[in-house]
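Visitor: I have a model open and would like to learn how to read it. Could you walk me through a few features?

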Amino acid sequence: MKRMSLFEFEDFRWFPGGLRECLTLYIAAMHRVLGTERVLAPLLARALKAASTDRVVDLCSGGGGPLLETTARLAADHGLRPSVTLTDLYPNTDAASRINAAGDAAQVRYHASPVDAGQVPDALQGVRTMVCSFHHMPPPVARSILQDAFEKRQALCVLEISDNSQPRWLWWTAFPIGMLMVLLLTPFVRPLRLRQVLLTYALPVLPLFIAWDGAVSNARTYTEEDLRELLAGLEAPDYRWEITRPRAPGAPATMLTLVGLPGTRTET
């Protein structure tokens with residue numbers, strides 16, 4: 001596989017919760033700037049219709065990611081208002097409290113208990129989504145996530161903002177660019193707390209953590225060939241896999257998506 005096995009700070013259980021919250025809020029702001037919801041919404045609309053469901057289970061949600069914007073896009077562009085459950089192996093308690101208090105509980109809620117993406121509880125039914133999180137999973141775990149969705153005939157939408165098709169050395173140029181982007185995009189973080197500002201500009205530890213994790217994310221992203229290797233043997237007449245490389249309007253590069261759909265078989 002081209003994917004490299006490296007570490008990201010937010011993967012570690014010991015990583016301070018306050019810093020993790022700042023990272024996930026920044027990532028959510030980045031998704032808004034990139035317009036990730038404009039790519040995710042049509043994929044999710046197809047998956048909801050194929051699975052004949054009005055429920056979405058977002059895995060590895062962190063601080064919420066682009067799902068909140070995506071639900072608005074689904075309503076505006078596709079006339080769909082699914083109920084969305086955000087989950088994580090390490091639930092973001094601050095984000096959960098904020099989303100559950102401010103959101104429409106009938107449409108978006110944050111599940112407070114840990115959820116393993118490779119063993120989703122049967123009580124959580126619906127289209128599964130993984131936005132910029134699949135690359136965190138080593139191959140055996142990634143395979144278990146795909147297999148769990150396949151065996152339970154649950155639709156799955158995986159989206160990565162990088163397709164890792166460039167030469168490996170090129171991704172490390174993303175480190176200085178990433179630091180600059182943190183300085184430029186932090187004012188767009190919502191909610192923007194004093195902690196986020198201080199740790200970005202006064203004591204700039206966040207630019208270092210975010211730039212490292214961003215560069216490593218590129219190197220850890222599964223390529224199309226990697227995905228096909230992971231999917232080997234997960235085939236059935238009533239379940240199909242689709243791999244695409246869409247580009248959001250104005251985005252600097254293509255994204256990579258993997259969608260698993262229950263229904264009539266077609267070739268990937």
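Guide: Let's start with the aromatic residues: Phe-7, Phe-9, Phe-12, Trp-14, Phe-15, Phe-209 and Trp-212 form one aromatic cluster. Before we go on, note that this is a predicted model, in which local features need pLDDT of at least 70 and side-chain atom pairs count only at pLDDT 80 or more, while totals for chains, interfaces and linings use all residues. Residues are numbered from 1 along each chain as its sequence is written, and side-chain values use heavy atoms, with hydrogens and water left out.

Visitor: How many aromatic pairs does the whole structure hold?

Guide: Rings of Phe, Tyr and Trp (its six-membered ring) pair if their centres lie within 6.5 Å; planes under 30 degrees apart count as stacked, over 60 as edge-to-face and the rest as tilted. A search of the whole structure gives 11 aromatic pairs. One of them, Phe-9 with Phe-209, is edge-to-face, at 4.7 Å centre to centre and 70 degrees between the planes. This pair connects distant parts of the chain, with Phe-9 in the segment before H1 and Phe-209 in helix H8, 200 residues apart. Helix and strand names come from DSSP runs (H or I of at least four residues for helices, E of at least two for strands), numbered from the N terminus.

Visitor: Are the rings of Phe-12 and Trp-14 stacked or edge-to-face?

Guide: Their centres are 5.1 Å apart and their planes at 15 degrees, so Phe-12 and Trp-14 are stacked. For accessibility, buried means under 20% relative accessible area, exposed over 50%, and partly exposed in between (1.4 Å probe, protein chains only). Phe-12, at 28%, counts as partly exposed, whereas Trp-14, at 56%, counts as exposed.

Visitor: Which residue lies over the face of Phe-150?

Guide: A charge sits over a ring if NZ of Lys or CZ of Arg is within 6 Å of the ring centre and within 35 degrees of the ring normal. Here Arg-153 lies over the face of Phe-150, 4.5 Å from the ring centre.

Visitor: Back to H8. What span should the helix have?

Guide: The expected span of a helix is 1.5 Å times one less than its number of residues. For the 16 residues of H8 (residues 205-220) that gives 22 Å, and the end C-alpha atoms are 22 Å apart, which agrees.

Visitor: How many residues of H8 are buried?

Guide: 12 of the 16 are buried, so H8 is largely enclosed by the rest of the structure. Among them are Leu-206, Phe-209, Ile-210, Asp-213 and Arg-220. Contact means heavy atoms within 4.5 Å, and the buried residues of H8 pack against helix H1 (17-34), helix H6 (174-185) and helix H7 (194-202).

Visitor: Where is Thr-223, and which residues does Thr-223 touch?

Guide: Thr-223 sits in the loop between H8 and helix H9 (224-230). With a relative accessible area of 5%, Thr-223 is buried. Leaving out residues up to four places away in sequence, Thr-223 touches Lys-2, Asp-163, Asn-164 and Leu-256.

Visitor: Now the sheet. What is the order of the strands?

Guide: Strands of a sheet pair through backbone hydrogen bonds, either parallel or antiparallel. Two strands count as paired if DSSP finds at least two bridges between them. In this model 7 strands form an open sheet with mixed pairing, in the order E3-E2-E1-E4-E5-E7-E6. Strand E3 (108-110) and E6 stand at the edges with a single partner strand each, so one side of each has no neighbour in the sheet. The twist averages 15 degrees from one strand to the next.

Visitor: Do E6 and E7 pair in the parallel or the antiparallel sense?

Guide: E6 and strand E7 (residues 256-262) are antiparallel, over 6 bridges; in E7, Leu-258 is the bridge partner of Ile-243. Strand E6 (residues 239-244) is mostly covered, with 5 of its 6 residues buried. By contrast, strand E1 (residues 55-58) and strand E4 (residues 127-131) run parallel, joined by 3 bridges, and Val-56 has Val-127 in E4 as its bridge partner.

Visitor: Which peptide bond is cis?

Guide: The bond joining Arg-190 and Pro-191 is cis, with omega about -5 degrees, and Pro-191 is in the loop between H6 and H7.

Methods: Axes fitted to C-alpha atoms, helices over the stretch in contact; angles between N-to-C directions.
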